[in-house]
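Here are my notes on the model you sent over. Have it open as you read, and go through the points in order.

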Amino acid sequence: MDFPPLAWQGIVILAIFGISLLIATYSTYAERVIAAFLQDRVGPDRAGPWGLAQPLADAVKLFTKEEFFPAGANKALFVFGPCLAMVTALMASAVIPFGNYLQFGDNVIRLQGIEVNVGMLYVFGIVSLGVYGIMIGGWASNNKFSLLGAIRAASQNISYELAMGLALIAVLMMSGTLSLREITLQQSVAGEWQFWNVVKQPLGFIIFLVCAFAETNRTPFDLPECETELVGGYHTEYSSMKMGLYLFAEYINVFVASAVMSVLYFGGFNFPFQFELRDWLVSAQNLDLVTAQNIISGLGLLTMFGKIFGFIFFFMWVRWTLPRFRYDQLMRLGWTILIPLAIFNILLTGGLITFGVIK
């Protein structure tokens, strides 16, 4: 039975959402295992073999905990806040190209939910909306500590989105497109090896990476949920699965940020000598070109997720290595260091493009 192209794309979108949720679920397990390894202690090992059922136990616990609404809270917004945070986190992954394409007969399936020529703008727009979930939850809780955490999240995201956007401009100057798929394909052209953008934009990558930590509210920039100052932060009054949605949204945002950095700076689904390998499969293994390309696309998919998992590990490694910043240090770093550096990087990139040093 032949599926129409729209049906195939629907399957891909559902698969991306499912994978995002699965990775977010087991990121909680990975966080504990990595923390235990770095601190030389035993991690989760009771629920299932090697503790692999621990996320399922956590889900049962969150679903069965008592629903709690603070006195004086706006109940509608109190529920809407975590829902908005979760939905925006999932929507951001829709335009990320996780692989090239698979071909079965006349059906060509792109391993990407939606391909739009303004994909990077879409990601920025959706990620910017995510802070509303935190703001609404903090305000609706009717708790001063929650409100302070929400205000911190809003000011932090505004500050670091400016530097992140400026760092991105340098990449767009070289690529000439906002399409994430085109940016990926430009980093490896058939017949010749192209350097990944991290080689051409090392300063831009460092700025983008630091801003990604702030955008995802991860240590050392997790001031919106600072236990030592705000009891718990914007989610102080939350319990049950509403609390779980906030935690899930954070891990999905880490996954999306890792995927975007892999695409923009590390070639996405490209890997070295992929075209030589494809030609070898055709010539030495007597495979037809379509089958060889499907194999390369499958390897590219694995490569993409390998890069993503590498970045997720780095996020967790930093969490258990660096101390939390003070809030004034956080704001000073964003406004007085990262933004000027990003502007300098734009000027430097423009000069190098003008004189033909980079393309």
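1. Start with Trp50, in the loop between α1 (5-38) and α2 (54-64). Helices here are DSSP runs of H or I with at least four residues, strands are E runs of at least two, and numbering goes from the N terminus. Trp50 has a positive phi of about 55 degrees, though it isn't a glycine. Trp50 counts as exposed because its relative accessibility is 68%; the cut-offs are over 50% for exposed, under 20% for buried and partly exposed in between, with a 1.4 Å probe and protein chains only.

2. A word on ground rules: this is a predicted model, where local features need pLDDT of at least 70 and side-chain atom pairs count only at pLDDT 80 or more, while totals for chains, interfaces and linings use all residues. Residues are numbered from 1 along each chain as its sequence is written, and side-chain values use heavy atoms, with hydrogens and water left out.

3. Asn142 is another non-glycine residue with a positive phi, near 60 degrees. Look for Asn142 in the loop between α4 (119-140) and α5 (144-175).

4. Where is the cis peptide bond that involves Pro220? It joins Thr219 to Pro220, with omega about 10 degrees. Pro220 sits in the loop between α8 (202-215) and α9 (227-230).

5. Now the whole chain. There are 13 helices and two strands. Along the principal axes, the C-alpha atoms fill a box of roughly 70 × 55 × 45 Å.

6. Take the contacts (heavy atoms within 4.5 Å) between residues at least 6 apart in sequence: 80% of them join residues at least 24 apart.

7. The UniProt record, an unreviewed entry, lists several stretches as "transmembrane region", including 6-29 and 119-141. Its positions are in the numbering used here, feature names are shortened, and annotations may be inferred rather than shown by experiment. In the model, residues 6-29 are 100% helix and 0% strand, with the end C-alpha atoms 35 Å apart. Residues 119-141 come out at 96% helix and 0% strand, and their end C-alpha atoms are 34 Å apart.
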